Amino acid sequence: METMNVQKKSLEFDPNLYRQDFPILNTIVHGKPLVYFDNAATTQKPRMVIEQIVDYYQGMNANVHRAIHYLGEKATVAFEEARKKVAKFINAPSARQIVFTRGTTEAINLVATAWGEKFIGQDDEIILTEMEHHSNLIPWQLLAQKVGAKLRFIPFTPNGALDFEAFEKILNNKTRLISLTYMSNVFGTINPIKRIVRMAKDRGIPVLLDGAQSVPHLPTDVQQLDCDFLAFSGHKMLGPTGIGVLYAKMHHWENMNPYQGGGEMIQSVWLDRATWNEIPYKFEAGTPNIAGAIALGAAIDYLSKIGMEKITLFEQELTTYALNKLADLKGIVIYGNAAERGGVISFNLGDVHPHDLSHFLDQQGIAVRAGHHCAQPIMRKLDIAATTRASFYFYNTFEEIDYFVEQLKEAIEFFTP
Ligand code: PLP
């Protein structure tokens with residue numbers, strides 16, 4: 001197949017305007033300029049996010065919500081300001097609906113424990129999909145084992161999309177929750193969330209969205225989506241590791257048990273009992289990741305300044321360009337071909353182990369991921385051990401994709417003479 005003549009320069013967007021803000025992108029790897037295509041695992045950080053962490057520790061380090069002193073006030077104001085930025089970024093009705101967690105994983109565990117153990121019981125059913133990251137699978141396995149509930153799965157089709165016919169068949173009056181990924185970290189598929197939420201709402205079933213791959217790349221409006229819960233991670237959207245978010249509709253927060261016990265989440269404590277602090281603090285036991293939350297706020301400022309719509313569009317251009325070029329390469333099999341997709345491309349080169357291929361690419365300065373991508377059930381269904389995955393962000397360029405494809409051609413020569 002001939003490569004489609006895709007525009008090699010975006011008319012709207014110049015990633016080079018932003019690359020200079022990311023010091024790590026100047027790294028030389030094995031004598032070659034770094035090409036960072038592992039953004040689904042974690043993104044790089046712009047200087048202002050890194051500086052925000054330093055500024056926090058140099059200029060306002062103190063514990064939040066407790067100290068009645070200058071630094072304590074300053075840290076608390078900045079921390080709560082970050083909560084407001086998160087709320088605005090996803091259009092949450094109130095900042096009180098934002099709880100800081102360690103990441104998507106902890107946010108989903110919070111729901112499985114604090115909400116699930118209260119509202120899901122024996123023989124109830126939880127619907128997930130076959131394309132979930134382990135973070136949106138294991139917490140539900142643990143809950144199901146504890147309370148005697150059953151997990152049901154929406155299958156994926158050969159092109160990596162959800163099978164709606166099968167979904168309709170497993171939806172029933174025992175379904176208590178639907179929890180699914182907005183964007184697959186293996187196929188790149190952007191699932192039709194509005195359609196799923198509509199089907200769930202018709203039956204009064206809450207929906208949890210794993211937004212780990214979607215929030216960094218797509219505009220997010222929780223009121224429009226009408227989801228009940230949304231979990232995402234700061235480090236996949238320019239923020240630091242160890243900070244994430246759980247959004248929930250207010251009535252869910254009001255009805256949930258505490259997740260962890262400790263300081264900050266209480267109002268009054270006796271030796272044998274306690275009462276709980278107001279929302280969201282009831283769900284933030286212990287000293288939070290203050291610097292992380294404030295730096296996530298800086299990351300949100302950075303993304304908002306560019307504009308999420310622009311980021312989505314540019315990444316679509318990059319992805320279409322890459323897919324067209326990859327289609328010309330002999331022996332490359334791409335997993336996932338859904339109509340709606342983001343900048344995540346999983347592939348294999350014949351029988352070459354992804355670890356060998358990614359090692360080869362690393363020698364040329366290209367960082368891709370090789371493995372099961374924390375989605376072993378997908379690998380089992382596809383009957384493969386692993387894939388190589390290239391995933392893009394707005395600071396990647398068409399030239400980097402050209403170089404990647406050139407190096408893949410070299411790899412094909414090398415591995416399949
Ligand atoms: N969900 C999806 C779809 C992911 O891609 C990831 C991370 O790769 C996670 C959840 C887990 O995120 P974290 O490790 O930041 O908690």
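So, burial to start with: of the 417 residues of the protein chain, 57% count as buried, where buried means under 20% relative accessible area, exposed over 50% and partly exposed in between, with a 1.4 Å probe and protein chains only. Please keep in mind that this is a predicted model, where local features need pLDDT of at least 70 and side-chain atom pairs count only at pLDDT 80 or more, while totals for chains, interfaces and linings use all residues. Residues are numbered from 1 along each chain as its sequence is written, and side-chain values use heavy atoms, with hydrogens and water left out.

Now the overall fold. We have 14 helices and 17 strands in the protein chain; these are DSSP runs numbered from the N terminus, helices being H or I of at least four residues and strands E of at least two. The radius of gyration is 22 Å, close to the 22 Å from the globule rule for 417 residues, so the chain is as compact as a globular protein of that length. That radius is taken over C-alpha atoms, and the rule is 2.2 Å times the number of residues to the power 0.38. Along its principal axes, the C-alpha trace spans about 75 × 55 × 35 Å.

On to the inside. What is the size of the largest nonpolar core? It has 109 residues, and F167, I178, F394 and F404 have the most contacts inside it. By nonpolar core I mean a set of buried Ala, Val, Leu, Ile, Met, Phe, Trp, Tyr and Cys residues joined through side-chain atoms within 4.5 Å. Helix α10, residues 290-306, gives the largest share of this core, 12 residues. At least three residues come from each of domain 1 (16-33 + 307-415) and domain 2 (49-305), with bounds from an automatic or database domain assignment. Apart from this core lies another, of 29 residues, including V111, A112, W115 and A248.

Which residues of helix α5 (residues 138-147) are buried? They are P139, W140, L143, A144 and V147. These cover an arc of only 130° around the axis, which puts them on the same side of α5; the arc is that of the directions from the helix axis to the C-beta atoms. Q145 and K146, on the other side, are exposed. The cover over the buried residues of α5 includes α4 (104-119), β5 (125-129), β6 (150-154), β7 (175-181) and β8 (207-210). After α5 comes G148, with a positive phi near 80°.

Definitions and conventions
Contact = heavy atoms within 4.5 Å.
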